[in-house]
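This report concerns helix packing, nonpolar cores and selected residues. The sequence and structure are shown first.

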There are 2 protein chains.
Amino acid sequence: MRDKRRRIVILGGGFGGVYTAKYLHSLFSSEEVEICLVNRDNYMTFQPMLAEVIGDALGVYDTVSALSSLLPKTSLYINEIEKIDLDNKKVFLICPFKKQHIVLEYNELVLALGNSTDFIHLHNGVAQHALRFKNLSDTLILRNHIINVFQAASTETNPQLRQALLTFVIGGAGFTGTEVAAEVCDFLNKMLKKIPSIKKEELRVFLVHSKDIILNELSPSLGRYAMELLRKKGVTLKMGMKVEAVTPHHAVLSNHEKIASKTVISTAPANLNLVLAATKGLPVSHDRIKTLPNLQVEGYDHVWALGDAAHIPLSNGHFAPPTAQFAVREANTLAKNIAAKYSQRPLKPFQFKPLGLLAALGHRKAVGELFGFIKISGFLAWIMWRAIYWSKMPGLSRKLKVLFTWILDLFIPSEPVVLNINSRKVMHHLHYKASEMVFDQGDLADFLYIILKGRVAIIKKFQNEGEKIIKELAAGNFFGEIALTKDITRTAKVVCLESTDLIAIPKDEFLVMKDSFLELDTFLTAVQAERLEELNKFKKSS
Amino acid sequence: MRDKRRRIVILGGGFGGVYTAKYLHSLFSSEEVEICLVNRDNYMTFQPMLAEVIGDALGVYDTVSALSSLLPKTSLYINEIEKIDLDNKKVFLICPFKKQHIVLEYNELVLALGNSTDFIHLHNGVAQHALRFKNLSDTLILRNHIINVFQAASTETNPQLRQALLTFVIGGAGFTGTEVAAEVCDFLNKMLKKIPSIKKEELRVFLVHSKDIILNELSPSLGRYAMELLRKKGVTLKMGMKVEAVTPHHAVLSNHEKIASKTVISTAPANLNLVLAATKGLPVSHDRIKTLPNLQVEGYDHVWALGDAAHIPLSNGHFAPPTAQFAVREANTLAKNIAAKYSQRPLKPFQFKPLGLLAALGHRKAVGELFGFIKISGFLAWIMWRAIYWSKMPGLSRKLKVLFTWILDLFIPSEPVVLNINSRKVMHHLHYKASEMVFDQGDLADFLYIILKGRVAIIKKFQNEGEKIIKELAAGNFFGEIALTKDITRTAKVVCLESTDLIAIPKDEFLVMKDSFLELDTFLTAVQAERLEELNKFKKSS
């Protein structure tokens with residue numbers, strides 16, 4: 001089947017994976033070695049500039065480069081990875097157009113999968129309700145969401161809901177959280193000009209951080225400078241606490257404060273990539289794959305790891321931080337070590353002293369440190385931030401486009417357009433805290449709910465008699481079917497009695513399933529008859 | 001609650017709706033009349049240039065303008081419409097952030113909802129499997145899909161699947177279908193340069209049209225010119241037939257020819273908007289709302305209709321065609337007639353003689369007719385096409401951006417990047433023809449299937465004994481649960497015995513439902529035990 005060339009398979013198309021492929025191509029000819037790269041998306045994301053997409057300072061495609069342009073000689077597999085079989089040196093991929101695996105055998109395997117913000121355990125509502133900020137898709141979802149809540153607020157007459165719609169909570173003030181907070185503020189100010197029915201005083205932005213100073217990667221004086229700047233932009237800083245839980249109505253902080261908000265953005269630290277977590281035999285430490293100083297995975301001489309996925313020991317006793325700067329240098333060392341291995345030369349340990357760190361703070365401000373001792377801030381730092389990252393963008397055409405976009409952005413105001421690609425409804429996962437309401441009697445009936453965890457009370461309001469609990473339901477039960485099947489508004493109120501996880505199935509999908517799935521229909525009809533009878537009994541007895 | 005001003009509510013934010021609002025603002029002061037516009041998206045789409053987004057000649061946001069910029073004085077409601085109550089002069093809107101309706105009372109109602117490409121009846125697979133081309137979201141989905149099949153083909157070794165992935169079928173060769181066919185060809189040629197493992201000879205593009213000449217809106221000589229041009233681009237024209245059905249594997253033509261393809265684009269004529277169709281009392285003709293020549297809806301003096309949603313009689317005995325040119329002129333007449341009504345002047349009938357028609361044919365070619373007798377084609381027509389539509393784009397900043405994008409496009413090649421916003425899995429609707437396979441024994445198990453309509457055979461392959469039908473299932477039954485719950489590959493093959501509609505529930509969603517929904521689990525376990533027993537009996541008896 002396969003030709004006789006050695007095959008190096010790289011998993012992941014971020015900085016680590018792409019630069020490994022680039023360096024390998026410079027060390028090996030295509031006749032000697034086939035280099036394969038597997039990635040879910042067909043592009044590499046230039047993460048440092050992603051925050052600029054929120055406010056449209058950069059266009060949708062400006063922070064990404066097609067892998068086929070970056071790596072013309074690499075065999076690209078744009079597929080999800082199903083599993084890695086280390087014993088048989090095979091990777092199994094999923095192709096959406098067929099029902100068999102694509103199987104890639106390898107001689108060397110490079111793990112460059114980054115980390116994951118897909119939360120496996122749904123325990124505090126963060127996975128269900130918080131917005132993430134990791135890739136282009138997250139950025140566009142966040143941008144769309146901000147425009148949507150703004151637009152909904154502009155016609156909302158209920159003052160509580162209006163305030164919740166105009167409240168934005170960002171959890172975590174590392175590099176990402178701080179940059180996002182600044183960009184969100186700038187974008188909200190732009191939106192105010194477009195939608196004059198909302199006043200600046202109505203907007204609230206909270207940045208929640210576990211330490212006393214933000215941007216802990218930099219020195220305290222720069223962190224304080226950034227805090228001052230964010231306060232001037234209108235950000236309320238919540239220091240020494242965390243976002244503990246998120247529900248459809250609130251962000252709950254670790255001091256038990258509840259902030260009513262429809263927009264909670266989590267930049268919490270990420271987990272080990274799910275495919276790597278499911279692979280038997282990989283040594284894991286601090287949610288990353290343990291490597292030797294030469295980037296070989298501990299215990300394997302043909303498996304390598306780098307970038308955010310790898311826990312790489314440095315000569316100074318520390319471990320390599322998860323930044324693009326490091327990933328690119330690691331890629332260089334890794335490629336050279338594979339070449340050294342094949343020509344039986346000794347492998348070299350990874351070593352690198354970073355040049356500096358810079359964080360943008362929205363429109364024309366930044367803070368940073370160069371060479372570990374020069375501190376810069378303000379407009380100059382921002383110009384430097386743009387210049388450095390621009391110079392590192394992959395590909396000349398991308399560079400030119402970004403430059404033009406920036407120039408245009410100076411003269412032409414951006415438009416708050418919501419980019420809805422997929423309007424299909426999906427099954428939703430929801431998380432509520434005790435005493436929160438799922439729906440009220442008389443509300444529109446839009447979903448059927450199944451209880452995954454927790455307990456709810458079904459509460460009926462009787463004329464002149466007040467409210468009464470008519471039933472309690474626990475995990476495995478469902479509710480909300482009466483109003484859906486009868487096409488009426490909700491016949492009772494549902495309140496959570498403890499922390500509760502629900503699945504919500506949209507009305508349309510539920511009715512199609514019910515109508516087509518005979519046994520389900522029979523079953524639901526029986527349950528419904530029973531419940532209506534219970535309700536009648538209750539009315540008589542009360 | 002409401003102030004004393006008259007309220008005019010416009011439903012729809014296309015050319016008809018937006019220009020009606022613009023003209024009304026010029027005729028009434030904000031103290032006299034409140035003008036409300038309701039639209040699902042917060043932008044107006046400039047449809048004539050949408051096809052350019054496929055090949056990235058225009059950026060994602062370049063064909064749309066934010067309604068808040070176009071209509072700063074209008075009260076904008078970015079909401080789905082739930083229903084229209086003509087008797088009580090109310091419109092009910094849905095807000096995603098709350099469970100109550102927004103209720104808009106009106107004095108005058110303007111119906112500018114365009115038409116719908118949401119198919120209500122799932123009878124031939126077009127709704128389930130054909131890609132549409134109507135709005136920005138459709139365009140991006142189409143662009144993503146083309147890149148995805150191209151990329152999948154580049155690593156596909158099965159020759160039948162590879163050919164199906166590289167085959168593109170476009171149904172209908174009116175303006176939209178013809179422009180899309182030309183743009184798709186140009187885009188495929190761009191992709192060939194990026195992904196050299198695919199050869200030009202492998203690509204197949206079919207344009208299927210019911211008449212003998214395409215572009216029936218223009219004169220036959222221009223239609224023939226366009227046909228010649230498309231043939232040179234590599235399009236195979238299938239004249240005098242239609243796309244009769246679409247399945248996951250094939251486009252089925254009306255001459256019973258089956259074309260194996262994963263990309264079928266339907267530009268079939270559209271239906272009446274679903275909200276209008278559900279509104280009691282509206283007079284309907286030819287899937288549009290019947291109006292008087294003065295644009296009042298027949299039978300109502302305070303309800304108006306225009307644009308693609310309206311069936312408007314002209315003085316020459318014809319009806320107004322559904323084009324942007326007409327919608328803008330209709331908006332002018334409609335606004336003046338509302339003003340005339342309020343000052344008790346007589347209403348005027350709508351009259352307009354169109355200036356001309358132009359259709360772009362991909363890269364630097366177009367055909368068209370001006371003033372009904374001047375025919376133009378080729379590069380000159382294309383320049384004119386761009387100039388005319390550019391001049392009509394709403395807003396100066398949009399104009400400037402588009403101009404810059406076009407200039408950049410001359411120098412900087414575009415990148416085939418797939419813009420995935422929503423990667424969540426949904427419940428899929430599928431349509432199969434008789435004898436088509438849903439899955440094969442040994443395939444990956446990815447979905448549970450429920451039969452909506454039709455019949456399938458469960459076929460088991462026995463070693464040395466060949467294939468045997470072990471069961472037939474009909475509407476209301478489900479299949480595919482064994483491999484899902486046991487985490488193994490498919491234990492049997494499923495083939496459709498007639499035209500069959502299925503719902504497919506993704507494995508992950510199914511398992512969550514099964515694990516949480518106790519009664520469902522019990523029920524499934526019982527069915528499964530029964531089926532396994534049947535299978536065993538079958539083995540013994542055979």
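The model is predicted: local features need pLDDT of at least 70, side-chain atom pairs count only at pLDDT 80 or more, and totals for chains, interfaces and linings use all residues. Residues are numbered from 1 along each chain as its sequence is written, while chains are lettered from A and ligands numbered from 1 in the order in which they are written.

**Helix pairs**

Two packed helices are described by the angle between their axes and the distance between the axes. Axes are lines fitted to C-alpha atoms, for helices over the stretch in contact, and angles run from 0 to 180 degrees between N-to-C directions. Helices (H or I, at least four residues) and strands (E, at least two) are DSSP runs, numbered from the N terminus. A crossing is left-handed if the near helix is turned anticlockwise from the far one by less than a right angle, and right-handed if clockwise.

| Helix pair | Angle | Axis distance |
|---|---|---|
| Helix 7 (residues 175-194) and helix 8 (residues 220-233), chain A | about 25° | 10 Å |
| Helix 7 (residues 175-194) and helix 8 (residues 220-233), chain B | about 25° | 10 Å |
| Helix 1 (residues 15-27) and helix 10 (residues 324-342), chain B | about 35° | 8 Å |

Thr178(B), Ala181(B), Ala182(B) and Cys185(B) of helix 7 meet Ala226(B), Leu230(B) and Lys233(B) of helix 8, where contact requires C-beta atoms, placed from the backbone, within 7 Å. These residues comprise 5 nonpolar, 1 polar and 1 charged; Ala, Val, Leu, Ile, Met, Phe, Trp, Tyr, Cys and Pro count as nonpolar, Asp, Glu, Lys and Arg as charged, and the others, Gly among them, as polar.

For helix 7 and helix 8 of chain A, the crossing is likewise left-handed. The residues in that contact include Thr178(A) and Cys185(A) of helix 7 and Leu230(A) of helix 8.

Helix 1 and helix 10 of chain B cross in a right-handed sense. Among the residues that meet are Tyr19(B), Tyr23(B) and Leu27(B) of helix 1 and Ala331(B), Ala335(B) and Ile338(B) of helix 10. The contact divides into 13 nonpolar, 3 polar and 1 charged residues.

**Nonpolar cores**

A nonpolar core is a set of buried Ala, Val, Leu, Ile, Met, Phe, Trp, Tyr and Cys residues joined through C-beta atoms within 7 Å. A residue is buried if 20 or more other C-beta atoms lie within 10 Å of its own, exposed if 12 or fewer, and partly exposed in between. Within the largest core, of 252 residues, Leu111(A) and Leu111(B) touch the most other members. A separate core has 56 residues, including Leu430(A), Met513(A), Ala445(B) and Tyr449(B).

**Individual residues of chain B**

Lys89(B), which is not a glycine, has a positive phi of about 50°. Lys89(B) sits in the loop between strand 6 (80-85) and strand 7 (90-94) and is partly exposed, with 17 other C-beta atoms within 10 Å.

Leu295(B) also has a positive phi, near 80°. Its loop joins strand 20 (288-290) and strand 21 (303-305), and Leu295(B) is buried, with 27 other C-beta atoms within 10 Å.

Glu244(B) belongs to strand 14 (residues 243-246) and counts as partly exposed, with 18 C-beta neighbours inside 10 Å. Leaving aside neighbours within four places in sequence, Glu244(B) is in contact with Asn124(B), Val252(B), Leu253(B) and Ser254(B).

Definitions and conventions
Contact = placed C-beta atoms within 7 Å.
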